[in-house]
Amino acid sequence: MYKKQMGFQKLICILALVAGFVVFLYSLGIMTDLYDCLYSTMMDPTDPTVTFVPGSIVYYNMQGFNRTFLSASIVMLLLACLLFVTQTSNRRRYYVGNYVAIGLFSVFTLAMVIWGHFQIQIYRAQWLQVDFEALASFSQMFKTKYTESTFWFDIHYAVFGICLAEVALLIGNAVWKIRLMKAEAELLAKGGKAV
């Protein structure tokens, strides 16, 4: 049983890195459509309210969130690396450091997902308030990209779903490990009494 569990724990630690990398890539891509469509509509970068397209200020409104989200994705990657530093991926018995690493990754990831979801929903609503008729005219006139797509906002459900699944797997693995360690301790105690 230990062999299966140890193979599983190695896999979920690798998946934690993958999840962190997916969030990192998403944080880099989330502003793609906004930049391509709205940046050039701003006539004065020092005053984002001066624009050819009403509602395009969402591009500037999202800048702070995007910086913080990018930083959070890097922290998530570092916490995934901490799972390997504490040897959570290959240790037969878990110690305090292993539980701390699992706890830090899980709590941080859950907090980031909750915060990120609500922020993205706010900016998605702002994006939908852009005057798309004016944007279409501007795009046609200046040969810039035009889209009404909410793809980069909507894909966060898949990205954050991966994160939540990873947290569930890490916690499930920790519970499995505790049960195995407890069963092993009981077996050793019975063996010692028999001798």
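**Rings and burial in a predicted model**

Biologist: Why is Tyr-39 called partly exposed?

Modeller: Its relative accessible area is 36%. Buried means under 20%, exposed over 50%, and partly exposed is in between, with a 1.4 Å probe and protein chains only. So Tyr-39 is partly exposed. This is a predicted model: local features need pLDDT of at least 70, side-chain atom pairs count only at pLDDT 80 or more, and totals for chains, interfaces and linings use all residues. Residues are numbered from 1 along each chain as its sequence is written, and side-chain values use heavy atoms, without hydrogens and water.

Biologist: What makes Tyr-59 buried?

Modeller: A relative accessible area of 9%. That value is under 20%, so Tyr-59 is buried.

Biologist: The structure holds 18 aromatic pairs. Why is the pair of Tyr-39 and Tyr-59 called edge-to-face?

Modeller: The ring centres are 5.8 Å apart and the planes at 70°. Rings of Phe, Tyr and Trp (its six-membered ring) pair if their centres lie within 6.5 Å; planes under 30 degrees apart are stacked, over 60 edge-to-face, the rest tilted. So this pair is edge-to-face.

Biologist: Why are Phe-65 and Trp-115 called tilted?

Modeller: Their centres are 5.2 Å apart and their planes at 45°.
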